[in-house]
Amino acid sequence: MRQVKVEPNIFSCNAWINACEKGQQLRRALALFSEMLEATVEPDVKSYNAGISACGKCEQWLQALSLLSGMWEVRLDPTVISYSSGISACAKGEQWQRALSLLSEMWEVRLEPHVISYSSGISACANGQQWQRALSLLTEMLVAKVEPDAISSNAGISACEGRAVAAGSIAAQRDVGSEI
């Protein structure tokens, strides 16, 4: 039987990277990304988005941000999905300041954050115990006419739970002190 050599193309490479991303095989996804460059297959926006998402799922926020900035270097315009994946990676990596920075950057490059962008930002604030900022993002969503969903609402509640627990603990300590 004669073997046929198949040259990689952008569609097959993107499919491979997506499959690795879904299987949380970060190293394989990034290796495929590198192989694309070696095979002179130019990664496109979908390639970068899949790589950023894979990094986020494996809690590699720094690598995700590197890919996001790499898009600008090769003159590809990141999309709302690119930024949302980067924000999500920052949330999982407990990098709330970077997540908020990416949200701000979206507006600077004229991309309107959607519910996933905001939800990821709110989650990042919740992870960083930044309840005021989480609530501020919920308010910003409403002003931008982005309807909060269950994820963004739950992330906001989660951010405030930490505040409520801390307030309850302080109140309990005061009560104990007054009984003595």
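# Close-up views of a predicted model

**View 1. Cys58 is partly exposed, because its relative accessible area is 22%.** On the scale used here, buried means under 20% relative accessible area, exposed means over 50%, and partly exposed lies in between, with a 1.4 Å probe and protein chains only. The model is a predicted one, in which local features need pLDDT of at least 70 and side-chain atom pairs count only at pLDDT 80 or more, while totals for chains, interfaces and linings use all residues. Residues are numbered from 1 along each chain as its sequence is written, and side-chain values use heavy atoms, with hydrogens and water left out. The cysteine sulfur closest to that of Cys58 belongs to Cys55 and lies 7.6 Å away, too far for a bond. The structure holds zero disulfides, a disulfide being a pair of cysteine sulfur atoms within 2.5 Å. Cys160 is likewise partly exposed, its relative accessible area being 25%.

**View 2. The chain is built of nine helices and zero strands.** Helices (H or I, at least four residues) and strands (E, at least two) are DSSP runs, numbered from the N terminus. Of the 180 residues in the chain, 41% are buried. Contact means heavy atoms within 4.5 Å; among contacts with a separation of 6 or more, 62% join residues 24 or more positions apart.

**View 3. Four spans carry the UniProt annotation "repeat: PPR".** The unreviewed entry places them at residues 9-43, 44-78, 79-113 and 114-148. UniProt positions are given in the numbering used here, feature names are shortened, and annotations may be inferred rather than shown by experiment. Residues 79-113 are 74% helix and 0% strand, with end C-alpha atoms 10 Å apart. Residues 114-148 are also 74% helix and 0% strand, and their end C-alpha atoms lie 9 Å apart.

**View 4. Ala50 and Ser85 are residues of helix 3 and helix 5, respectively.** Ala50 lies in helix 3 (residues 45-57) and counts as buried because its relative accessibility is 4%. Its C-alpha atom is 9.2 Å from that of Ala19, although 31 residues separate Ala50 and Ala19 in sequence. Ser85, in helix 5 (residues 80-92), has 15% relative accessibility and therefore also counts as buried. Leaving aside residues up to four places away in sequence, Ser85 touches Asn49, Ile52 and Ser53.

**View 5. Helix 7 spans residues 115-127.** Among the buried residues of helix 7 are Ser117, Tyr118, Gly121, Ile122 and Cys125. Gln129, which follows helix 7, has a positive phi near 55 degrees.

**View 6. Ile122 belongs to the largest nonpolar core.** A nonpolar core is a set of buried Ala, Val, Leu, Ile, Met, Phe, Trp, Tyr and Cys residues joined through side-chain atoms within 4.5 Å. Of the 35 residues in this core, Leu102, Met106, Ile122 and Leu137 touch the most other members. Two or more residues come from each of helix 3, helix 4 (61-73), helix 5, helix 6 (96-108), helix 7, helix 8 (131-143) and helix 9 (150-179). Beyond residues up to four places away in sequence, Ile122 touches Ala134, Leu137, Leu138, Met141, Ser152, Ala155 and Gly156.

Technical notes: Expected span 1.5 Å × (residues − 1).
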